[in-house]
Amino acid sequence: AEAIVLGIDKYRFLSGYPDKTFKGEGKPTRYEIAVILYKLMTLVEKDLKKPFSGGNSSKITFERMSERNGGDIPTGHWAEASIQTVVDKYGIMSGFIDSTFKGKETITRYEFGVSCARIMQGFGLPKTGETERFLEKNGGDIPDQHWFVSALGYATSVMKVSDGNQFLGKESLNRYEMAYALVNIVQLLEQ
């Protein structure tokens with residue numbers, strides 16, 4: 001609950017819904033995450049005056065994902081500017097190989113973990129989380145050669161993880177988990 005209060009009241013990158021609820025167990029869509037990450041990056045760069053040295057290294061740009069080029073982001077969509085910024089300027093979210101963004105889908109813990117890793121790397125934050133216990137060779141649920149392994153040490157630095165060896169990367173992230181991780185990132189940047 002503390003992360004929610006900090007994210008809404010102190011840092012102002014999180015918000016609740018019009019009915020004055022946070023819906024913490026709710027699963028945010030990729031559209032919603034793009035908007036929240038855009039607000040977070042704006043806060044950190046403008047208010048905390050932290051420079052970001054990242055960017056899109058993917059060939060899947062916002063333009064390729066736009067509806068006018070065969071993608072799935074409608075022209076004039078409410079999250080359009082946020083998506084373009086987090087994909088093209090910061091490179092902290094990306095589309096899929098088929099040039100779609102899949103904005104209506106929920107974001108997995110793997111996908112969100114990669115976004116956290118890219119944010120942390122772009123701001124020069126260290127990778128301090130655990131990696132080994134989550135790998136299959138140690139009884140974990142992440143294959144040893146999985147595409148996510150390079151982001152794992154960053155993700156576990158800020159995301160909630162089980163006491164055991166399960167990262168649960170294929171599961172959809174909930175709003176409580178999102179708030180917890182993003183507030184942790186901001187607090188690391190304030191140090």
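# A walk through a helical model

At 1% relative accessibility, Ser66 counts as buried, where buried means under 20% relative accessible area, exposed means over 50% and partly exposed lies in between (1.4 Å probe, protein chains only). Ser66 lies in the loop between H3 and H4; helices here are DSSP runs of H or I with at least four residues, strands are runs of E with at least two, and both are numbered from the N terminus. Leaving aside neighbours within four places in sequence, Ser66 is in contact (heavy atoms within 4.5 Å) with Gly71, Asp72 and Ile73.

This is a predicted model, in which local features need pLDDT of at least 70 and side-chain atom pairs count only at pLDDT 80 or more, while totals for chains, interfaces and linings use all residues. Residues are numbered from 1 along each chain as its sequence is written, and side-chain values use heavy atoms, with hydrogens and water left out.

H2 covers residues 30-47, and its 18 residues should span 26 Å at 1.5 Å a residue, because the expected span of a helix is 1.5 Å times one less than its number of residues. The end C-alpha atoms of H2 are 25 Å apart, which agrees. The buried residues of H2 include Arg30, Tyr31, Glu32, Ile33, Leu40 and Val44. The buried residues of H2 pack against helix H4 (80-89), helix H5 (109-122) and helix H7 (175-190). Just after H2, Lys49 takes a positive phi of about 55°.

The next topic is the nonpolar core. In soluble globular proteins, nonpolar side chains tend to be buried together. A nonpolar core is taken here as a set of buried Ala, Val, Leu, Ile, Met, Phe, Trp, Tyr and Cys residues joined through side-chain atoms within 4.5 Å. The largest one has 60 residues, of which Phe13 and Phe112 touch the most other members. Two or more residues of this core come from each of helix H1 (2-10), H2, helix H3 (62-65), H4, H5, helix H6 (149-158) and H7. H2 gives the largest share, 10 residues. With neighbours within four places in sequence left aside, Phe112 is in contact with Ile33, Ile107, Met159, Leu173, Met178, Ala181 and Leu182.

Side chains of opposite charge can pair when their charged atoms come close. A salt bridge is counted when a side-chain nitrogen of Lys or Arg is within 4 Å of a carboxyl oxygen of Asp or Glu, and by this rule the count comes to 9 salt bridges. One of them joins Glu111 and Arg30, with the closest N and O atoms 3.8 Å apart. This pair links distant parts of the chain, as Glu111 is in helix H5 and Arg30 in helix H2, 81 residues apart. Both Glu111 and Arg30 are buried.

Another salt bridge, between Arg109 and Glu177, has an N to O distance of 3.0 Å. It too links distant parts of the chain: Arg109 is in helix H5, Glu177 is in helix H7, and 68 residues separate them. Arg109 counts as buried because its relative accessibility is 5%, and Glu177 is buried with a relative accessible area of 18%. Glu130 and Arg133 form a further salt bridge, at 2.9 Å from N to O. Glu130 counts as partly exposed at 43% relative accessibility, and Arg133 counts as partly exposed at 22%.

H7, which supplies Glu177, has 16 residues and reaches 22 Å from its first C-alpha to its last, close to the 22 Å expected at 1.5 Å a residue. Among the buried residues of H7 are Arg175, Met178, Ala181, Leu182 and Leu189. The buried residues of H7 pack against H1, H2, H5 and H6.

In H5, Gly113, Val114, Cys116, Ala117, Met120 and Gln121 meet Ala151, Tyr154, Ala155, Ser157 and Val158 in H6. Gly129 is found in the loop between H5 and H6, and is partly exposed, with a relative accessible area of 22%. Gly129 and Ser157 are 28 residues apart in sequence and 4.0 Å apart in space, C-alpha to C-alpha.
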